[in-house]
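Please study the sequence and the model shown below. Then work through the exercises that follow.

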Amino acid sequence: MPRVILGFDDAEAVSRFAAREFVRRAHAAIEAAGSFRVALAGGATPRRTYELLADPSLSRQVDWEATHIFFGDERAVPPDHPDSNYRTAFEALLSKVRIPEAQIHRMEGERSDLDTAATDYEATLLEAFDLSVESGPPRFDLVMLGMGDDGHTASLFPGTRALEETRSWVVANDVPQKATRRLTLTAPVLNAARCVMFTVEGADKAAALLAVLEGPRDPRTFPSQLIAPVDGEVLWLVDRGAAARLALKPEDPSHLRSPS
Ligand code: 6PG
């Protein structure tokens, strides 16, 4: 599993590269298979990437008619709630581009029975990827992830049951750290992706990033260590603050891809 760690001066530079990478991978997937299937990240960090993608200079480069939007996780709130990952993506991007509504696959975090909401989202994945339960997990073209200052990703939090999941693709995970339950894709699905792109910003995440990237293997404590695509790549986009404690200096992105 190729792992690339790219270092950027600041959060804006991380978001700009992430937005261009989204466009690049959309092109490649649509050219190769006629569609682009992407799982969006939650939390605050990706909002700027979504805003940049909504700008016509980038949005016109994506064939939204051939794009299918999924979510890596969702909070137990309605879609119009300030904490909703769907709301963040909708306000910053999805309401501003011409993507067919049927191709936006929201996780229903507001449902009282989150376990059924999880199995229903699995059914959505089965249908959207034209899979059967016997077949392996859906293979996203791109999975966008963030990382918490405790090393969690999606809603795979330290010490929680979802970390052990090897069969289900989506679960409702009890997260005592936040006194709540969350819907989340599981490691088998995240690790089936062609590319997983992490965006990690801010000095408050430096200790966790050091542990995840350079520390001893301990995914129960640092769940982001679980992310190792079987036949895909991992791209870590980190700013100076988040990378401050890394012994291995992140690569300079400028030699990788020409800024467009
Ligand atoms: C969520 C996310 C979560 C997020 C990290 C980082 O729903 O909260 O999926 O995994 O990526 O908590 O969050 P920030 O970007 O807000 O720091």
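**Exercise 1: An aromatic pair**

F8 counts as buried because its relative accessibility is 8%, where buried means under 20% relative accessible area (1.4 Å probe, protein chains only). The model is predicted, so local features need pLDDT of at least 70 and side-chain atom pairs pLDDT 80 or more, while totals for chains, interfaces and linings use all residues. Residues are numbered from 1 along each chain as its sequence is written, and side-chain values use heavy atoms, without hydrogens and water.

Solution. Step 2: Rings of Phe, Tyr and Trp (its six-membered ring) pair if their centres lie within 6.5 Å; planes under 30 degrees apart count as stacked, over 60 as edge-to-face and the rest as tilted. This rule gives nine aromatic pairs.

**Exercise 2: The ligand**

Task: State which side chains have a polar atom 2.7 Å from an oxygen atom of the ligand.

Solution. Step 1: A polar contact is a pair of N or O atoms within 3.5 Å. Step 2: D73 has a polar side-chain atom at 2.7 Å from a ligand oxygen, and R75 has a side-chain N or O atom at 2.7 Å from one. Step 3: For N85, the distance from a polar side-chain atom to a ligand oxygen is 2.9 Å.

Note on methods: A polar contact is a pair of N or O atoms within 3.5 Å; within protein, one must be able to donate a hydrogen and the other to accept it, and residues adjacent in sequence count only if both atoms are side-chain atoms. Buried means under 20% relative accessible area, exposed over 50%, partly exposed in between (1.4 Å probe, protein chains only).
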